[in-house]
Every structure is written in C-alpha cells, then in structure tokens.
Amino acid sequence: MTLIKSISGIRGTIGGKEGESLTPNDVVKYAAAFGHWAKENSGINKVVIGRDARPSGELITKIAAGTLQGLGIDVVDLGLSTTPTVEMAVPAEKAGGGIIITASHNPNGWNALKLLNSKGEFISAAEGEKILELADSGEIEFAPSKDLGKYEQNDTYIDYHIDKILELDLVDVEAIKNRKFKIGVDAVNSTGGIAIPKLLEKLGVTDYEIFFGEPNGLFPHNPEPLPENITHICNEVEGGHLDLGIVVDPDVDRLAFVGDNGEPYGEEYTLVTIADYVVKNKPGNTVSNMSSTRALRDVTEKAGGSYEASAVGEVNVVNKMKATDAIIGGEGNGGVIFPELHYGRDALVGIALFLTHLAKFGKSASLLRAMYPNYHISKNKIDLTPEIDVDMVLEEVKNKYAKQPINTEDGVKIEFDKEWVHLRKSNTEPIIRIYAESDSRNTADAMAKKLIMDIKEIVTEKVED
C-alpha cells in the first residue's frame, strides 16, 4: 500500500491503513486542510469538485464534499469530468479552489486529490507545504450546524468547456468538417468517453469510433498513453479504415495520436505539432520542460519566436509561460497548455487545434509528422546508495562539462549543439534520472551511457577519498 503526500496533492492506493494508503480518514484530513486553506486564501466559501471514472472516485467525492460542507464551504460537484474541465469551472463558478479526484495515469487501484487555486491552476509549492502543515496541525475548526455548506451537482461544464474551445480563433470547425475525417478514439474507459464524442460532434466529425468508451474506470490496458500501451488502437488504424487515432489518459489532460499508417505519432510530438500551427498563425514564444524534445525550440525559432525551458512539472511550465508571455507550452508527455483558453494541460483543446492543423494541411497525419525533426530521447536512471550525496554528484558533473552551455534550474542539463543530456535527482529515492536526446537513437543511448559512466567514476573517486 502506498500514500504519497506532496506539494501538489495527496495520492495513494485504495484500501489499507490510515497514513499508509489513501483511506477515507486520509481524504477527510487533507480535504479539510485544503478547504481551510482555500477559504482563508481566497475569502470564498465555495469549492468545485470533479472526478475521473475510477471505481473509488464516487466514494472519495462524497467524503471530500461532506468534509468541505462541514467547514461551511459550498460544494459544486461536476461528477464525471476531466481535469481541464474542472480547471475551467473553478473561475467560472468564482470558487475559492478546486479538487480533482484522479490519479491520472496510475492504475485504477490508485486515486488522488489534486488541488487547484481560485484561478483553476495547480497550487504552488509554498501553498502545498502550507496545506500539508495544516493537515498535521490539528487546529482546523469545523462549522456549527447552522453554517454548514451547501451541495450542488452540475454536469454542464464539459459542454461549457467545449463551447469555449469552439470560440477560439485558431479552431476552424468548417475546415475540420470539410475534411470528413474518420477517427478512432481510445478513451481508456474513463471520462474521455464522455467528453471526446461531444467535442468531435461539435467539430463536425461524424465518422468516429470510440474504443473503451464506457466510463467505468476499468482500464483495458496501462492508461499512460505511451506507444507500448496503445497497440490496440494502432492495430485498428493500421486496418486502413481510419485516418487518425486519438488517445487520452483517464483524466484527459494528456494526448497522443496514431498516424494513418498505424504508427504512434509520438507523445513528444503532440505539443510540437500543435505549437507549430499556433506560432505560424500567431507568432510568439513557447515553453516546455527541459526533459522535452528540442523540436519545439526548432519550430518556434523557425517562426521567429523565442523558446524557454522550465523545470519539470506543470506548475513550473505555467510559471515560465507567464514570465515569457508564451502563447503555447506544455510537456513532452502529451500535455498541451494553451493560455488563451486556460493555464492547464488540456487534451480537448489539443484535439481541436491538431484537427484544424491537419485539415488545413490537406494531407495525411503520417505526412504531417514527417515534416518535423525526428529526435530520439533515451530515458535512463542510475541507482545510488543512500549515503551518496546526490547533489555533490550533480555538481561534479556540472564542473566536468563546464565548457558546455548548462542549465541548473532543475538538476543539470548540458547542451551539445542540437543534442542534450538532462540529469535530475529523485526527491524520494537515491536515484538520478538521465535523459538524452539526439537525432540518432544510438547516439542518444550512447550519450546517456557516457553520463552514467561519468557518475560511476565520480562516485568511485569520492569513496576512495
């Protein structure tokens, strides 16, 4: 059993003992702390809740909602929804915050409380620390019976979300409708099965097939939209009757595509392709985290914009986007952030922008993918013993490559012309994650292996000293 308390929320496996997994008592404890913080921080006695389709979601919603009502906070329950929909509902409701009950790409035996501020954006590290402190303080006071919060259900926000997408200048419904796309969707038996058909219909796509569209939370495969997990829809598209496959994760904030040839488009290239369309039509800056492909930098600079890399994590990407006035950004895991709509990863707006781009391109998805640089990222890690000072190791690596451009905002990222290596330490284990990118898979693997050898030499030298 697992319970992970972090600055962004609380996540764990369902069942087991309090404090060791995500139990009803833990939900009460952390929902109360968040509600107290949200009320104090915003001065507003209202919180929005929404959930993905996991079997435990309804139970956790009831517990969290009742806890918030016990604090005197009104609750707007969206029921089965998506993460980006909840993010948009918070400011629309003029609420003091939001709770998304989802464990994202984790198996359905997991669940989590993801926490939003009054803007509908994920809370900051400092705010997260404050909530964790409150949870352990024992000082939270509940309201008397005359002041209990009200409870309201509202299932209209997916439609609201889609309508706002359709209002965007860069979404061309007529162009999409005229292409008469034939599309397959893997909705992994979660809320994408509710939202994506609504979106496609409003975009004028009538010839589509939903695979695993029943929102029962019984995921038919590992729900992270990586190539090794989406073989079913690849086979369906390869059969020749579909132009495109669309894949989302359980809470619909990550997006991947399958080309007309049945090949995974590559989750790193979801953001690259959509950003290319955006910056060509509205020149501006872009941001992704520093473990994402440099292809985004290539398409941005080609269009006359400026690219910046942020520390890993959606909050960090959003902060960098705001600081640089970026018009689009996100993460290489299929996370697209389009601030003209809202500051959050959003698969639904990603679908609308991608289909517009593909419709205007006028050719197949595989030919569109072939237009972009073909970089390869090699993902590795090295396990160290607990007594080793990981920060010291990273500092020594930085010194060894001091002649290269280096970014230390999040670990150590070393640039080599159009190649890079990024080293990050784990916050919970003595591990260094090593990502390397090159236009050659073999070169990327070799670069990662070289850094692993460097780390082993540094560790050996320090032990001998």
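A charge is taken to sit over a ring if NZ of Lys or CZ of Arg is within 6 Å of the ring centre and within 35 degrees of the ring normal. By this criterion Arg369 lies over the face of Tyr269, 3.6 Å from the ring centre. Lys413 is placed likewise over the face of Trp420, at 4.4 Å from the ring centre. The model is a predicted one, in which local features need pLDDT of at least 70 and side-chain atom pairs count only at pLDDT 80 or more, whereas totals for chains, interfaces and linings use all residues. Residues are numbered from 1 along each chain as its sequence is written, and side-chain values use heavy atoms, with hydrogens and water left out.

Rings also meet one another. A pair of aromatic rings is described by the distance of the centres and the angle of the planes. Rings of Phe, Tyr and Trp (its six-membered ring) pair if their centres lie within 6.5 Å; planes under 30 degrees apart count as stacked, over 60 as edge-to-face and the rest as tilted. Six aromatic pairs are present in the structure. One of them joins Phe34 and Trp37, a tilted pair with 5.8 Å from centre to centre and 35 degrees between the planes. Both residues belong to helix H1 (residues 24–42), where they are three residues apart, about one turn of the helix. Helices (H or I, at least four residues) and strands (E, at least two) are DSSP runs, numbered from the N terminus. Phe34 and Trp37 are both buried, on a scale where buried means under 20% relative accessible area, exposed over 50% and partly exposed in between (1.4 Å probe, protein chains only).

The rings of Tyr401 and Phe416 form an edge-to-face pair, because their planes stand at 90 degrees, with the centres 6.0 Å apart. Tyr401 lies in the loop between helix H14 (390–400) and strand S17 (406–407) and Phe416 in strand S18 (residues 412–416), so the pair ties together parts that are 15 residues apart in sequence. Tyr401 has 13% relative accessibility and therefore counts as buried, while Phe416, at 21%, counts as partly exposed. Elsewhere, ring pairs link Phe257, Tyr265 and Phe354 into a cluster.

Helix packing comes next. Two packed helices are described by the angle between their axes and the distance between the axes. Axes are lines fitted to C-alpha atoms, for helices over the stretch in contact, and angles run from 0 to 180 degrees between N-to-C directions. The axes of helix H3 (residues 83–92) and helix H5 (residues 157–166) come within 9 Å and cross at roughly 90 degrees. The contact (heavy atoms within 4.5 Å) involves Pro84, Thr85, Met88, Ala89 and Ala92 of H3 and Tyr157, Ile158, Tyr160, His161 and Lys164 of H5.

In helix H10 (residues 295–302), Ala295, Leu296, Asp298, Val299 and Thr300 are buried. These buried residues pack against helix H9 (268–281), strand S12 (285–289) and strand S13 (307–310). After H10 comes Gly304, with a positive phi near 90 degrees.

Positive phi also occurs outside glycine. Lys180, in the loop between helix H6 (173–179) and strand S8 (182–186), has a positive phi of about 50 degrees. Lys180 is exposed, with a relative accessible area of 65%. Asp325 has a positive phi near 55 degrees and occupies the loop between helix H11 (314–324) and strand S14 (326–331). With 62% relative accessibility, Asp325 counts as exposed.
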